[in-house]
Amino acid sequence: MKPLTCDDLLAYLSSYLDGELDEELSAAAREHLATCRHCQVVLDSTRRVILLGEGQRQRRIPAARRGALFERLRAALDAPDN
Ligand SMILES: [Zn+2]
């Protein structure tokens with residue numbers, strides 16, 4: 001299986017956090033995360049947001065809201081540095 005790109009990783013991130021990826025994909029995701037600082041940061045902030053949501057009343061962030069979050073993160077990744 002070829003290495004994941006950042007785009008792939010973001011697409012799978014939600015399932016990865018939910019533990020819903022199959023063995024192969026989740027290994028590929030871990031491999032990408034081990035080497036990609038960018039995605040580590042995204043994973044960290046996503047995890048924090050989800051935990052924050054769990055600390056409040058919601059047990060889970062609704063898929064739609066998570067989708068919006070990923071869109072924002074993706075836009076941030078695509079944005080030029082300056
Ligand atoms: Zn990456």
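The zinc ion is held by four side-chain atoms, namely Cys6 (SG), His32 (NE2), Cys36 (SG) and Cys39 (SG), at 2.0 to 2.4 Å. Donors here are N, O and S atoms within 2.8 Å of the metal (3.2 Å for Na, K and Ca), and since water is not among the atoms, sites may look incomplete. The angles among the four donor atoms run from 104 to 114°, and the site of the zinc ion comes out as tetrahedral. For four donors, that label asks for all angles between 85 and 135 degrees; four count as square planar and six as octahedral if opposite donors are over 155 degrees apart and all others between 65 and 115, and anything else is irregular. Along the sequence, the donor residues are spaced C-x25-H-x3-C-x2-C.

All of this comes from a predicted model, in which local features need pLDDT of at least 70 and side-chain atom pairs count only at pLDDT 80 or more, while totals for chains, interfaces and linings use all residues. Residues are numbered from 1 along each chain as its sequence is written, and side-chain values use heavy atoms, with hydrogens and water left out.

As for the overall layout, the chain has four helices and zero strands, which reads as α-α-α-α along the sequence. Helices (H or I, at least four residues) and strands (E, at least two) are DSSP runs, numbered from the N terminus. Of the 82 residues, 30% count as buried, where buried means under 20% relative accessible area, exposed over 50%, and partly exposed in between (1.4 Å probe, protein chains only). The chain exposes about 5900 Å², with carbon and sulfur atoms supplying 51% of that area; accessible areas come from the Shrake-Rupley method with a 1.4 Å probe, and for residues only the protein chains shown count as cover. Among contacts between residues at least 6 apart in sequence, 57% join residues at least 24 apart, a contact being heavy atoms within 4.5 Å.

Cys39 is buried at a relative accessible area of 0%, Cys36 is buried at 12%, and His32 counts as buried at 11% relative accessibility. His32 belongs to helix α2, residues 23-35. Setting aside neighbours within four places in sequence, His32 is in contact with Leu4, Thr5, Cys6, Leu9 and Cys39. His32 and Leu4 are 28 residues apart in sequence, yet their C-alpha atoms lie 6.3 Å apart in space.

Helix α2 itself has 13 residues and spans 19 Å from its first C-alpha to its last, close to the 18 Å expected at 1.5 Å a residue; the expected span is 1.5 Å times one less than the number of residues. Its buried residues are Leu25, Ser26, Ala28, Ala29, His32 and Leu33. They sit on the same side of α2 because they cover an arc of only 155° around the axis, the arc being that of the directions from the helix axis to the C-beta atoms. The face turned away from that buried side carries the exposed residues Glu23, Glu24, Glu31, Ala34 and Thr35. Within α2, Leu25 is buried at a relative accessible area of 14%.

An α-helix has 3.6 residues a turn, so residues three or four places apart point the same way. In α1, the buried residues are Leu9, Leu10, Leu13, Ser14 and Tyr16. These fall within an arc of 160° seen down the axis of α1, so they line one face of the helix. The 12 residues of α1 reach 16 Å from first C-alpha to last, close to the 16 Å expected. Just after α1, Gly19 takes a positive phi of about 70°.

Ser14, in α1 (residues 6-17), is buried with a relative accessible area of 19%. Not counting residues up to four places away in sequence, Ser14 touches Arg66 and Phe70, and both of these are among the buried residues of helix α4, together with Leu69 and Leu73. Helix α4 (residues 63-78) has 16 residues and reaches 22 Å from its first C-alpha to its last, close to the 22 Å expected.
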